[in-house]
Amino acid sequence: MIVEVLLSWWLLFFGLIAAAELLEARHRPIARQRWPANLTLIGLSSGLAAIIPLSSYASGQWAQDTGFGVLNWLGVTGVILFVISFMAISLWDYLVHLASHKIPFLWRFHKIHHSDTELDVTTTFRAHPIIYLILSGVNFGIVAILGLDPFAIVWHAAIVLLLDLSHHTTLRLPPRIDAMLAPYIMTPALHHIHHSDHVAETDTNYGHDLAIWDRLFKTYLKDPKRPKNKFRYGLTQYSEKRSTDLHALLKAPFGKNPYS
Ligand SMILES: [Zn+2]
């Protein structure tokens with residue numbers, strides 16, 4: 001049931017944003033050559049991606065039923081349990097994303113997402129399928145240990161699904177609204193900086209939903225460091241040809257050098 005709801009939610013917003021992007025881009029060239037690799041990776045990953053919220057929910061439900069986990073041992077219930085659980089899983093997502101850049105084993109997989117040379121809604125789930133299996137196991141453990149509320153997990157997953165789609169789109173919020181939200185919420189403009197090919201810019205704005213974690217841990221970057229005409233997406237070691245070669249992308253995590 002949860003998977004069906006999240007999948008329908010995701011498909012609906014994917015379709016709406018894709019249609020809006022096509023409409024917005026009708027008078028300029030679109031980087032369509034990326035789509036076969038991106039859409040195939042979405043196809044390979046989407047079922048596995050659903051395992052993350054599902055296993056986290058199952059873990060939270062098990063913790064609640066058995067009284068396991070820190071929050072259950074402390075007797076936290078109701079709205080306070082929901083809010084603490086939501087903030088905890090949001091912070092955990094930030095830390096996992098940071099670790100995906102800093103731990104070579106995780107970067108082997110996460111670099112596939114960053115190798116896209118342009119961003120649009122198809123970049124959202126451009127990821128190596130195996131990373132979702134790894135993250136499902138990790139999330140299962142942390143949710144049980146902390147005893148997080150399963151309903152907060154589902155709400156968080158639904159919100160992050162929507163925000164993740166918005167983060168990669170070519171559509172932008174009106175500058176005034178973006179500036180108003182950016183100190184608190186990860187906006188598309190902030191996330192686009194994270195996809196820069198310049199490491200000093202990539203190593204910022206790791207939050208999935210809230211921008212407060214980046215501000216707290218000093219990884220927040222409001223504007224790109226380089227002038228607009230020098231800004232490029234992707235990874236310097238991935239040419240456009242390599243970043244659209246599906247076979248090379250699927251093999252990339254298993255090479256000798258995690259950074260190649
Ligand atoms: Zn990243």
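Trainee: Which residues of α5 are buried?

Mentor: Keep in mind that this is a predicted model. A residue counts as buried if 20 or more other C-beta atoms lie within 10 Å of its own. By that cut-off, the buried residues of α5 are Leu81, Ser85, Phe86, Ala88, Ile89, Trp92, Asp93, Tyr94 and Ser100.

Trainee: And what do the buried residues of α5 pack against?

Mentor: Contact here is judged by C-beta atoms within 7 Å. On that basis, the partners of the buried α5 residues are α4 (70-73), α6 (104-114), α7 (129-146), α8 (150-168) and α12 (212-216).

Trainee: What span should α5 have, and how far apart are its end C-alpha atoms?

Mentor: Helix α5 covers residues 78-102, which is 25 residues.

Trainee: Let's move to α2 and α7. Are they roughly parallel or roughly antiparallel?

Mentor: Helix α2 (residues 35-49) packs on α7 at an angle of about 10°, and their axes are 8 Å apart. Angles under 35 degrees count as roughly parallel. So α2 is, relative to α7, roughly parallel.

Trainee: Which residues make that contact, and how many are nonpolar, polar or charged?

Mentor: From α2 come Leu44, Ser45, Leu48 and Ala49, and from α7 come Pro129, Tyr132 and Leu133. Sorted by class, the contact of α2 with α7 has six nonpolar, one polar and no charged residues.

Trainee: Now a loop residue. Is arginine 232 buried, exposed or partly exposed?

Mentor: Arginine 232 sits in the loop between α12 and α13 (240-243). Buried takes 20 or more C-beta neighbours within 10 Å, and exposed takes 12 or fewer. Arginine 232 has 14 inside 10 Å, so it counts as partly exposed.

Trainee: Which residues is arginine 232 in contact with, leaving aside its neighbours within four places in sequence?

Mentor: Look at serine 196, which is 36 residues away along the chain. The C-alpha atoms of arginine 232 and serine 196 are separated by 5.6 Å. With sequence neighbours within four places left aside, the contacts of arginine 232 are Ser196 and Asp197.

Trainee: Zooming out, what is the radius of gyration of the chain?

Mentor: The chain has 14 helices and zero strands. For 260 residues the globule rule gives 18 Å, and the chain comes close to that, so it is as compact as a globular protein of that length. The radius of gyration of the chain is 18 Å.

Note on methods:
Residues are numbered from 1 along each chain as its sequence is written. This is a predicted model: local features need pLDDT of at least 70, side-chain atom pairs count only at pLDDT 80 or more; totals for chains, interfaces and linings use all residues. Helices (H or I, at least four residues) and strands (E, at least two) are DSSP runs, numbered from the N terminus. The radius of gyration is taken over C-alpha atoms; the globule rule is 2.2 Å times the number of residues to the power 0.38. The expected span of a helix is 1.5 Å times one less than its number of residues. Two residues are in contact if their C-beta atoms, placed from the backbone, lie within 7 Å. Axes are lines fitted to C-alpha atoms, for helices over the stretch in contact, and angles run from 0 to 180 degrees between N-to-C directions. Angles under 35 degrees count as roughly parallel, over 145 as roughly antiparallel, 65 to 115 as roughly perpendicular and the rest as oblique. Ala, Val, Leu, Ile, Met, Phe, Trp, Tyr, Cys and Pro count as nonpolar, Asp, Glu, Lys and Arg as charged, and the others, Gly among them, as polar.
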